[in-house]
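Please look at the sequence and the structure first, then read on.

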Amino acid sequence: PKLLSKIINNDDNINLINRSMNKITETNYMTIVKEITEELNQDNFRQLPEYSKYLFDSIIKKCLIDENLIKDYLYFLNGFDNDIGKHIFLNIDKYINSTFILFEKNISLKDYLYISYVKDITNYYNIGKILTYLYLIQKNEPKKKTIYFTEQFFYKKIKSCLTIIDNYIDWEPSMMDDLYSRIYLIFGIIETLNTDIFK
């Protein structure tokens, strides 16, 4: 029992969030959003920032592992509104800005704010997909009025990333992961945007 009490989380809201993560699909995510929103708003309004951060962290980690569900997970996150939605938006915004630093500055991967989420260099492919799906969600859901970044801004960052890749290749970097991570980022974006990127 002592071991189990350490393993099993005693917070019912965290347990609800964890259970819900495994049920998210393209057709039911708004039902889950509603269920979580009702529960969190009833329970402890002051803890909404912490629960929202936990929701965000859980989703991003799942996106890095399972590329097939990235779109559904991000639509789920985007489905929250009111106070929970505001807190989630702030976490997404911080994530986007931190990630875009990799696109425009020649920083080492160890200085990436979310490096602890990355378990393998190929995860950067999914990070590219995450950014692209966030862009597509805001483009395809104008009623939501959530703007993470503009199309012009996005393409400017992609061009900056290509410049960094080109510079790495010119200088034959000793830290190949710094080069590969950015190549994976670009591949994730290109595959998700598909022909749209060439327009």
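Is Asn 82 buried or exposed? Asn 82 has a relative accessible area of 57%, so Asn 82 is exposed. Buried stands for under 20% relative accessible area, exposed for over 50%, and partly exposed for values in between, with a 1.4 Å probe and protein chains only.

The model is predicted: local features need pLDDT of at least 70, side-chain atom pairs count only at pLDDT 80 or more, and totals for chains, interfaces and linings use all residues. Residues are numbered from 1 along each chain as its sequence is written, and side-chain values use heavy atoms, with hydrogens and water left out.

**Overall make-up**

The protein contains nine helices and zero strands. Helices (H or I, at least four residues) and strands (E, at least two) are DSSP runs, numbered from the N terminus. Of the 199 residues in the protein, 45% are buried. The accessible surface is about 11,600 Å², and carbon and sulfur atoms hold 53% of that surface; these areas come from the Shrake-Rupley method with a 1.4 Å probe, and for residues only the protein chains shown count as cover.

Helix α5 spans residues 70–78, and eight of its nine residues are buried, so α5 is largely enclosed by the rest of the structure. Among the buried residues are Tyr 73, Leu 74 and Phe 76. Lys 71 also lies in α5, but counts as partly exposed.

Asn 82 belongs to helix α6, residues 82–104. Asn 82 is not a glycine, yet has a positive phi of about 55 degrees. Most residues other than glycine have a negative phi.

| Residue | Relative accessibility |
|---|---|
| Lys 71 | 36%, partly exposed |
| Asn 82 | 57%, exposed |

**Helices α7 and α9**

The axes of α7 (residues 123–140) and α9 (residues 176–193) come within 7 Å and cross at roughly 40 degrees. Axes are lines fitted to C-alpha atoms, for helices over the stretch in contact, and angles run from 0 to 180 degrees between N-to-C directions. The two helices are therefore oblique to each other; angles under 35 degrees count as roughly parallel, over 145 as roughly antiparallel, 65 to 115 as roughly perpendicular, and the rest as oblique. Residues of α7 including Tyr 124 and Leu 136 meet residues of α9 including Tyr 184 and Phe 187, where contact means heavy atoms within 4.5 Å.
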